[in-house]
Amino acid sequence: MKTVKDLTAEEKLRLICGKDSWHTVDLGGKIPAVTMTDGPVGLRVVCKRDEVSGKEDSLPAVAYPAIHMLANSWNPAVARKMGECLGDDALERGVDLLLAPGVNIKRDPLNGRNFEYFSEDPYLAGTMAESYIEGVQSRGVGVCLKHFCANNSEYDRFHQTSDVDERTLREMYYVPFEIACKAKPVSVMCSYNRVNGTYAAEYKKGFDVLRDEFGFDGAIFSDWGAVRDRTRSAKAGLDIEMPFNEGNYRKLCKDYAEGKLSEEELDACTQRVLDLAYRLKGMSKDEKPVTSEQQRLQAAKEILSESIVLLKNDGILPLAKGQKLFMCGVFAKAWPALLRGGGSACVRWTEENFDITAALQKRGFDVDYESAFFIKDVLSWQNARTAVLKAGRGDVNIVCVGTGEEIEYESGDRQSLRLPAVQEQAILDTAAQNPNTVVVLFAGSAIDVSAWIDQVKAVVYAGFTGEGGDEVVADILTGKINPSGKLSETFPLSIEDVPAANTYKHAGVTRYQDGLDVGYRYYDTYEVPVAFPFGHGLSYSSFEYDNLKAEQKGGTVKVMFEVENTSERAGKETAQVYVRECAPFVYRPLKELKGFCKEEIGAGKRKKFCVELPMRAFAHWSTATDRWEVTEGDYEIMVGSSSADIRLRARLTLPEIQL
């Protein structure tokens, strides 16, 4: 095993710059090379690249539900399962490092890359990512946690600075990385943007927090093309520049020769790259896939079955046997581009079959279908008119709408929170003919539903489904699967209600004037109505909560309560635990998620829930003392089915604690 002492200065300088887009150098076979690939929801192993257009082709791979859907499961065990499957995929392809997951906060619902991220809430994002990472790395494959830090928009991402105060960084944007680091990711990727004026690739202050406070002991990568000055980034502690950049490399060598980069600084980066290479080879040694491709395709469906969210249901779902169905919208018989976001997370499916109409027909339903519209345009007047006429002839009208990679993609933000006008019109026109209308929504992030929500009886949020999603959607609609997903982000009434949309954004600068008031923290604190709140999700079962007790024992608070399934059908419920400081000396949002638990409860049965909260759950970051502090005083524990549906409350008094 080589160390920096075994390498020449030239070899060290070369080692901290990538070989190409997907490999590190092996110094002529002297050390192991690292093979990496994109793939938060399925491997994107590039097999061909057009040098003229730059378009890349990748090998087929199992496509799992997008990260935003995984987060809607609120089930860490499901996140671990997805990680394990991705690890097996990587082993089969000879991949050492998976460039995932992304834990950036969904500050702005227009962010074109939100489908790749977990949540607007840092605790949920970090907790789900931690299990995902444990799953991948349990298979002997490493992960690259990304994008550090404050990368919450694709707008001018190579240049703009996220102008954010220290407390907000600590409580909102660092926390997902801090929690995820408990799983010991082998690497972290910096973001493109600047953080308070400093490029993320040169963000030494943040890198020191990762290593000295969060216990991160791996290598730090640049995002692809994020390095402006290789010497500055190396001095800050960025270990590997990706991909190889001839100009940056030549300047690095020149700067080193002139003494601008010290031997100690070069050795620190080099040793971490060596450690990563040997660590990954050690992890993968003797490892073989545990699951077959067919088992992983089945796992993708099982993950989605816990992630689809029933947003609205006025008693029309599940569908009844014998009902005649009319279905319209190209998303019902879709191709993968309609069911995924664009960019580095884009997966080439192993199979391209997706047909909800056929899945419903297999379940014994009479289904008629018209495409009615494309994504943004009506196919033809006759086609749309036929859809409107047929909608009134069915017992239930099902409209499949959404976005896809044409609207949601890496490197650009959405222009509107609403669906394309033609899709809204299709909903309204067909619902006018048939009041029994169900909307199935295939989108990667929040949608403004205000134009049509009152005209339909049910809304199913299927998101970016991955493979086999047609079967799962059919099972949800027909009741074979009892929906249990809950929103990991708020659906606001309009973009004008979103704090991030009303803060300063100019060429080069985005001010985080919203501070801690992101997502439900803002809407609940300032009593701003929303379409669907954070944590919301309906079921075909009904649940009642009671018997809440909150007890402090040592360094934790044990929150105990019971949930009863008051229906005649077994179902899964996610109970959420929020905390409020009753009389704070510094600003605190009305409530903050600090724990959750998802359990299956039999029909008419009762289950005991227990969520343990560490003292950190009650703390705020003190900018006066640069540490986490619990203020002496009263705190309220709130337990609910969503952030807006609090069922139980309890108070307790805590002493002053410095963490």
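Strand E21 and strand E22 (residues 556-565) pair in the antiparallel sense over 9 bridges. The model is predicted, so local features need pLDDT of at least 70 and side-chain atom pairs count only at pLDDT 80 or more, while totals for chains, interfaces and linings use all residues. Residues are numbered from 1 along each chain as its sequence is written, and side-chain values use heavy atoms, with hydrogens and water left out.

**Exercise 1.** State which strands stand at the edges of the open sheet of 3 strands, and why one side of each lacks a neighbour.

*Solution.* Strands (E, at least two residues) and helices (H or I, at least four) are DSSP runs, numbered from the N terminus. Two strands pair if DSSP finds at least two bridges between them.
Step 1: the order is E21-E22-E25, with antiparallel pairing.
Step 2: E21 (543-553) and E25 (606-614) each have a single partner strand, so one side of each is left without a neighbour in the sheet.

**Exercise 2.** Find which residues touch the most other members of the largest nonpolar core.

*Solution.* Such a core is a set of buried Ala, Val, Leu, Ile, Met, Phe, Trp, Tyr and Cys residues joined through side-chain atoms within 4.5 Å; buried means under 20% relative accessible area (1.4 Å probe, protein chains only).
Step 3: apart from it lies another core, of 30 residues, including Val559 and Phe609.

Definitions and conventions
Buried means under 20% relative accessible area, exposed over 50%, partly exposed in between (1.4 Å probe, protein chains only).
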